[in-house]
Amino acid sequence: MAQTVPAGAMWGLPDKKVRATPPKCFNIASRVQKSSIEQPLSCRVHPVAILKVLDAFVRKPEGAKRTIGTLLGWISEGSVVDITDSFPVVHKDTDEGVLMDQDYHKQMLALRQKVSPREVVVGWFSTGDEINATSAVIHSFYCTKESQFTPAAVLPGPVHLLIDTSLGHQTGIHAFVNVRTSVAESLLQFHEVPLRVQTSAAEKSGISQLMHARRATREAEATGSTPKDLAALDGFVGGLKELLKLFRRMQEYVKAVQSGKVEGDLAVGRGLTTALCAEPVMDASAVANLCNGSLQDALILAYRKRLFLKSQAVKIAAFRNQITPTEKTQHRFCSRHT
C-alpha cells in the first residue's frame with residue numbers, strides 16, 4: 001500500500017495552518033493620559049519602515065543597546081493604521097531612565113511633512129524583545145502634544161512597534177496599543193494588536209520584474225551569451241507564464257488528492273475555491289465573441305473618424321473655392337493680425 005505523502009513536502013505548501021498565539025498584554029506603572037480606551041484596530045506596516053529601523057539599529061552608537069524612533073502613517077479603512085515610514089530619534093539610556101532629544105524629533109518630523117504632508121505621527125518603535133519601564137517613559141512622551149501626535153476615536157493613543165533584532169524568533173515584529181484600566185489610572189497597559197507586513201500591487205510587480213531580470217542575467221552568464229536589457233523584458237508575458245505555472249501546479253495537486261496519493265488540506269481547498277469563484281467563468285467562445293465585438297467597435301470608430309476628416313476636407317475645399325481673390329487677401333490679412 002502506497003504511503004501517504006504530506007502535501008507540503010511535495011507541493012511546497014504548509015502541512016497545517018498553525019494557530020496564531022493570542023495577543024499578550026503588559027502592565028507597567030507609569031503616568032499616561034486618562035482618556036485611553038480600547039479599540040479593535042489592526043496595523044499594516046510597509047517594509048521600508050522596517051528596513052529603516054534595522055538600518056538605524058546597525059548604525060547605532062557604540063555602547064547603545066537599542067534604537068528608538070517615530071512611526072509615520074495614517075488611519076485608513078476605518079480601524080486600520082497604515083505605518084508607511086519611520087525615522088530614528090537620538091536618545092541615551094541611563095541608570096535613572098532614558099534621555100530623548102525632543103528637538104531632533106520635531107525637526108525631522110517637520111522635514112518629513114514637507115515631503116509627504118499626509119503622513120502624521122502614529123506611534124513609535126523600539127528594538128528589543130520586551131517592554132520595560134523606560135518604554136513606558138517614552139510612550140508617555142508620545143502621548144503628549146509635544147510629539148505632535150493627534151488622538152483620534154480609532155487611535156486614542158500612539159502605537160508601539162517592537163522589533164526583535166536577535167533573530168531568535170520566527171516573527172519578531174509586534175504592535176501594541178495602550179488601553180485604559182479601571183484598576184489604577186497610573187497603570188499603563190499594553191495590548192498586542194494584529195500586525196501584517198504589506199506592500200502594494202505595483203511594488204510587487206516591480207520586484208517581480210527585477211527578480212526576473214536577475215534570473216535572466218544569471219542564465220545568460222551561465223551559457224556565455226549576452227544578457228537582455230531590462231527594457232526588453234516583457235513583464236506582462238512573464239506574469240502570464242508564472243500564472244500558468246501556478247495553474248498547472250494546482251491542477252497536479254488536485255489530481256494527486258483525487259487519486260489518494262496526497263492527503264487533502266481544507267485550508268488549501270477553501271483558498272482555491274475562493275480564488276476560482278472570485279472571477280466569472282467564461283468559455284472560449286464567449287472570450288472570442290468579446291474580442292471580436294471589441295475589434296468591430298474599434299473598426300467602426302476608425303471608419304467614422306476617417307469619414308469625419310474627409311467631410312471636413314471637402315467643406316474646407318468648397319469654402320476656399322467660393323471666396324474671391326479680394327476676399328482671400330482680406331481673409332489672410334485678418335488671420336495674420338488675429
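Predicted model: local features only at pLDDT ≥ 70, side-chain atom pairs only at ≥ 80, totals over all residues.
User: How many helices and strands does the protein have?

Analyst: Helices (H or I, at least four residues) and strands (E, at least two) are DSSP runs, numbered from the N terminus. The protein has 9 helices and 11 strands.

User: What share of the residues is buried?

Analyst: A residue is buried under 20% relative accessible area, exposed over 50% and partly exposed in between, with a 1.4 Å probe and protein chains only. Of the 338 residues in the protein, 28% are buried. The protein exposes about 23,800 Å², of which carbon and sulfur atoms supply 58%; accessible areas come from the Shrake-Rupley method with a 1.4 Å probe, and for residues only the protein chains shown count as cover.

User: Which residues account for 65% of the contacts with a separation of 6 or more?

Analyst: A contact means heavy atoms within 4.5 Å. Residues 24 or more positions apart account for that 65% in the protein. R44 counts as buried because its relative accessibility is 12%.

User: Where does L195 lie, and which residues does L195 touch?

Analyst: L195 belongs to strand β11 (residues 195–197). Not counting residues up to four places away in sequence, L195 touches C43, R44, V45, L161, I173, H174 and A175. L195 has a relative accessible area of 24%, so L195 is partly exposed.

User: How is a pair of aromatic rings described?

Analyst: A pair of aromatic rings is described by the distance of the centres and the angle of the planes. Rings of Phe, Tyr and Trp (its six-membered ring) pair if their centres lie within 6.5 Å; planes under 30 degrees apart count as stacked, over 60 as edge-to-face and the rest as tilted. A search of the whole structure finds 2 aromatic pairs. One of them is stacked, with W124 and Y142 at 6.1 Å centre to centre and 10 degrees between the planes. This pair links distant parts of the chain, 18 residues apart: W124 is in strand β7 (residues 120–127) and Y142 in helix α4 (residues 133–142). F141 and Y142 form an edge-to-face pair, at 5.2 Å centre to centre and 75 degrees between the planes. W124, F141 and Y142 form one aromatic cluster.

User: Are the residues W124 and Y142 buried or exposed?

Analyst: Both W124 and Y142 are buried. Y142 counts as buried because its relative accessibility is 1%, and F141 counts as buried at 9%.

User: Which side chain makes a polar contact with that of N178?

Analyst: A polar contact is a pair of N or O atoms within 3.5 Å; within protein, one must be able to donate a hydrogen and the other to accept it, and residues adjacent in sequence count only if both atoms are side-chain atoms. The side chains of N178 and H139 are joined by a polar contact of 3.3 Å. N178 is in strand β9 (residues 173–179) and is buried, with a relative accessible area of 3%.

User: Why does helix α7 lie largely in the open?

Analyst: The number buried is 1 of the 12 residues of α7, so this helix lies largely in the open. Helix α7 (residues 266–277) reaches 16 Å from its first C-alpha to its last, close to the 16 Å expected. At its start, a side-chain oxygen of D265 comes to within 3.3 Å of the backbone nitrogen of A267.

How values were computed: Residues numbered from 1 in each chain as written. Heavy atoms only, no water. Expected span 1.5 Å × (residues − 1).
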